[in-house]
Amino acid sequence: MTVLADPPVKQHPTDGATPTKRRRRSRAGRTNHGGPLTYAVLIVAVLISAFPFYWTIVAASRSNADLAKVPPTLLPGPNLMRNFEAVMEEAEIGKALLNSFIVSGSITVGTVLCSTLAGFAFAKLRFKGRNALLALTVGTMMIPPQLGVIPLFMLIAELQWVNQLQAVILPGLVSAFGVFFMRQYLVQSLPDELIEAARVDGASTARIFWSIVVPIARPGMAVLGLLTFMAAWNDFFWPIVALTSSEPTVQVALRQLGGGYVHDQSVIMAGTLLGTLPVLLVFGLLGRQIVGGIMQGAVKG
């Protein structure tokens, strides 16, 4: 008598896994969604954050009398172009925008390049006195910049750079914060194995920097570039010392708006709006790179 054996049971790939592992796999493949309270909090936070910019648009498109009303008007008005024309008449805003682009762009390029070079040296190169130099660089961040205004002005006066753009550009080409920021970024993102492999292939330090370090450091450079551009664009203290109204930056030119016994707040807001739009443009250009770098770091973690 022949006994028929039961056919072999095909085991599911997850049958051998423990319940804890199965739960982890299911959580990894599932998208988490916030509840209604989470979305409500996020919406409120976005509205609070965006309201100052919206109010700038409203104030720039209204008259000074409309802004004095109680309760204030919360809808844009028809006077935006008229206020822009008043800004052009009262201040050399076109020349100021060009000067600010030159100053901020030069400072941003110089700071990002110098900080990436120095950050790579402090992070991955071995040389005598590295830790002491890094501590000295970071220590300069604790010195208030106002303490160096008088000797710096004496220096640019000796060089006959007063009221010239290089007097604002050159002091900002190197940033201790930028060096420390890029050093910390490259310590985490640049493996030592890549540098060792490039050394074995005969690559020089300059070739390693341009071919390996710069592509890896691009997200960090984008973040540093955005922060540097915003700081240089919004800087008022040193440009008002080194420049005059004949060669102004945007912040210096905005000081000339709304003159008279009663300040015209609508014209001041229109000038502020013109000075804010380039920063938003730069953020729009670098935003995808910044978000991509953050997401890339999150996936690596």
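**Notes on the cavity and the overall fold**

1. About 40 Å³ of space lies in the largest cavity of this model, which is a predicted one. The structure holds 1 cavity of 30 Å³ or more, and the elements that give two or more residues to the lining of the largest cavity are α5 (93-124), α11 (205-234) and α13 (250-254).

2. The lining of the largest cavity is made up of Ser100, Val103, Ser104, Ala232, Trp233, Asp235, Pro239, Thr249, Val250 and Gln251. Among the elements, α5 gives the most to this lining, with 3 residues.

3. How do the residues of the lining of the largest cavity divide into nonpolar, polar and charged? There are 5 nonpolar residues, 4 polar ones and 1 charged; Asp235, one of the lining residues, belongs to the charged class.

4. Turning to the fold, the secondary structure of the protein comes to 14 helices and 0 strands, and reading along the sequence accordingly gives the pattern α-α-α-α-α-α-α-α-α-α-α-α-α-α.

5. On burial and surface, 32% of the 301 residues of the protein count as buried, with buried taken as under 20% relative accessible area. The accessible surface of the protein comes to about 19,200 Å², and 66% of that surface belongs to carbon and sulfur atoms.

Key
Residues are numbered from 1 along each chain as its sequence is written. This is a predicted model: local features need pLDDT of at least 70, side-chain atom pairs count only at pLDDT 80 or more; totals for chains, interfaces and linings use all residues. Side-chain values use heavy atoms; hydrogens and water are left out. Helices (H or I, at least four residues) and strands (E, at least two) are DSSP runs, numbered from the N terminus. Buried means under 20% relative accessible area, exposed over 50%, partly exposed in between (1.4 Å probe, protein chains only). Accessible areas come from the Shrake-Rupley method with a 1.4 Å probe; for residues, only the protein chains shown count as cover. On a 1 Å grid over the protein atoms alone, a cavity is a set of points where a 1.4 Å probe fits but cannot get out, and a pocket is an open set with protein on both sides within 12 Å along at least five of seven lines; lining residues have an atom within 4 Å of a point. Grid points are joined across faces, edges and corners, and a volume is the space filled by probe spheres set on the points.
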